[in-house]
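Colleague: Could you take a close look at one part of this model for me, and then follow the charged pairs from there? I would like to know where the side chains sit and how open they are.

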Amino acid sequence: MISRIPQYFIYTTLLFVFLTNTSFAAETSGILDGMTFVGNNGEKGREPDPDEYEEIVFQNGLFRSVSCDPYNFSSSEYTTTVIGNTIHFEAMTESPTHGKIAWQGVVDGDTAEVTFIWTKERWYWDIRKEYWFRGTLKE
């Protein structure tokens with residue numbers, strides 16, 4: 001008599017094999033701390049504006065845009081995901097008077113490619129502008 005292997009055992013074994021042979025993105029905290037990237041911002045679809053110098057700073061688990069300091073945008077926590085040799089990050093900064101900025105970027109070695117969307121809700125119209133930043137690691 002041949003014994004039958006229960007189906008749940010087969011499915012569990014296949015799932016285990018799949019999971020152990022698949023590389024997943026790893027989420028890490030504070031991996032960018034101590035890094036500052038410098039460059040220029042630009043509106044989406046346009047060249048960087050030479051008058052829009054930017055520094056994005058990662059320190060103590062927080063993300064900060066130096067060019068947004070005059071508008072009272074706060075530093076905020078950032079999240080990261082490691083995919084291969086790149087680090088993807090996201091952050092949301094807020095100002096009590098100038099709205100919110102949603103940041104998404106990829107750090108690859110000593111360069112950062114970042115897109116960000118500034119929104120400000122008003123009772124008579126809303127503002128939504130898209131920007132980008134390309135920077136290099138500050139020494």
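Modeller: Happy to! Let's begin with Tyr124, which lies in the loop that joins β8 (111-120) to β9 (127-137); strands here are DSSP runs of E with at least two residues, and helices are runs of H or I with at least four, numbered from the N terminus. Please keep in mind that this is a predicted model, in which local features need pLDDT of at least 70, side-chain atom pairs count only at pLDDT 80 or more, and totals for chains, interfaces and linings use all residues. Residues are numbered from 1 along each chain as its sequence is written, and side-chain values use heavy atoms, with hydrogens and water left out.

Tyr124 has a relative accessible area of 45%, so it counts as partly exposed (buried is under 20%, exposed over 50%, partly exposed in between, with a 1.4 Å probe and protein chains only). Together with Trp123 and Trp125, Tyr124 makes up a nonpolar surface patch with about 470 Å² of accessible area, calculated by the Shrake-Rupley method. Patch members have over 30% relative accessible area and no salt bridge, with nonpolar side chains joined within 5 Å and like charges within 9 Å.

Strand β9 also brings us to the charged pairs. Glu130, in β9, is linked to Lys44 in the loop between β2 and β3, 86 residues away. The two form a salt bridge whose closest N and O atoms are 3.2 Å apart (a side-chain nitrogen of Lys or Arg within 4 Å of a carboxyl oxygen of Asp or Glu). Lys44 has 56% relative accessible area and is therefore exposed, while Glu130, with 27%, is partly exposed.

Coming back to Lys44 and Glu130, salt bridges with shared partners join them with Arg128 into one network.

One further pair is Arg46 and Glu43, a salt bridge with 3.6 Å between the closest N and O atoms. Arg46 is exposed at 55% relative accessibility, and Glu43 is partly exposed at 33%. These pairs are among the six salt bridges in the structure.

How values were computed. Accessible areas come from the Shrake-Rupley method with a 1.4 Å probe; for residues, only the protein chains shown count as cover.
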